[in-house]
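Hi there,

Here is the structure I promised to pass on to you. Have a look at it first, and then read on for what turned up.

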Amino acid sequence: MTNTDRVLAYIDAWNRMDWAAVEAALADDVIYHNIPMEKIEGKAAAMGFITGMQAEGVDWQVIAIAENADGVVLTERVDNFDLAGGKKVSLPVMGTFEFTDGRISAWRDYFDLATFTNQMV
């Protein structure tokens with residue numbers, strides 16, 4: 001399995017809201033960084049953030065995906081979330097995934113925070 005396959009499976013787990021599969025894909029010492037915000041260190045903290053969103057629906061659409069010779073995977077995506085109260089958020093994202101022993105050890109998502117916050121009003 002390539003790291004591209006791993007990322008696509010990870011995105012599929014998000015879309016199914018299979019939080020056990022999402023957690024299993026992360027290394028114990030994962031660094032998760034939504035670039036406009038503070039980075040999160042460790043699987044437990046990352047999962048706390050992920051499940052804390054309390055999404056009612058998730059649909060991440062992959063526009064482009066590429067893997068370099070070192071196994072780093074880059075994604076261009078639109079992350080769509082259905083949140084409590086019927087609020088919908090659609091966020092263009094560039095993501096970078098690094099792997100250690102087949103698990104995500106570093107995950108950085110780059111997006112415009114104002115695009116997110118403007119949809120939350």
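Is Phe 81 buried or exposed? With a relative accessible area of 10%, Phe 81 is buried; that word stands for under 20% relative accessible area, with exposed for over 50% and partly exposed for what falls in between (1.4 Å probe, protein chains only).

Before the rest, a word on the source. This is a predicted model, where local features need pLDDT of at least 70 and side-chain atom pairs count only at pLDDT 80 or more, while totals for chains, interfaces and linings use all residues. Residues are numbered from 1 along each chain as its sequence is written, and side-chain values use heavy atoms, leaving out hydrogens and water.

Now the rings. Phe 81 forms an aromatic pair with Trp 60, at 6.4 Å centre to centre and 85° between the planes, and the pair is edge-to-face. (Rings of Phe, Tyr and Trp, the last by its six-membered ring, pair if their centres lie within 6.5 Å; planes under 30 degrees apart are stacked, over 60 edge-to-face, and the rest tilted.) Trp 60 lies in strand 3 (residues 57-67) and Phe 81 in strand 4 (residues 73-82), so this pair ties together parts 21 residues apart in sequence. Helices (H or I, at least four residues) and strands (E, at least two) are DSSP runs, numbered from the N terminus. Trp 60 is also buried, with a relative accessible area of 4%. Over its face lies Arg 77, at 4.4 Å from the ring centre; the rule asks for NZ of Lys or CZ of Arg within 6 Å of the ring centre and within 35 degrees of the ring normal.

By the pairing rule there are 11 aromatic pairs. In one of them, the rings of Trp 14 and Trp 107 have centres 6.2 Å apart and planes at 75°, so that pair is edge-to-face. Trp 14 belongs to helix 1 (residues 3-16) and Trp 107 to strand 6 (residues 103-110), so the pair links parts 93 residues apart in sequence. Both Trp 14 and Trp 107 are buried. One aromatic cluster includes Trp 14, Trp 60, Phe 81 and Trp 107.

Finally, the sheet. Six strands make an open sheet in the order 2-1-6-5-4-3, with mixed pairing; two strands pair if DSSP finds at least two bridges between them. Strand 1 (residues 26-34) and strand 6 pair in the parallel sense over five bridges.

Enjoy exploring it!
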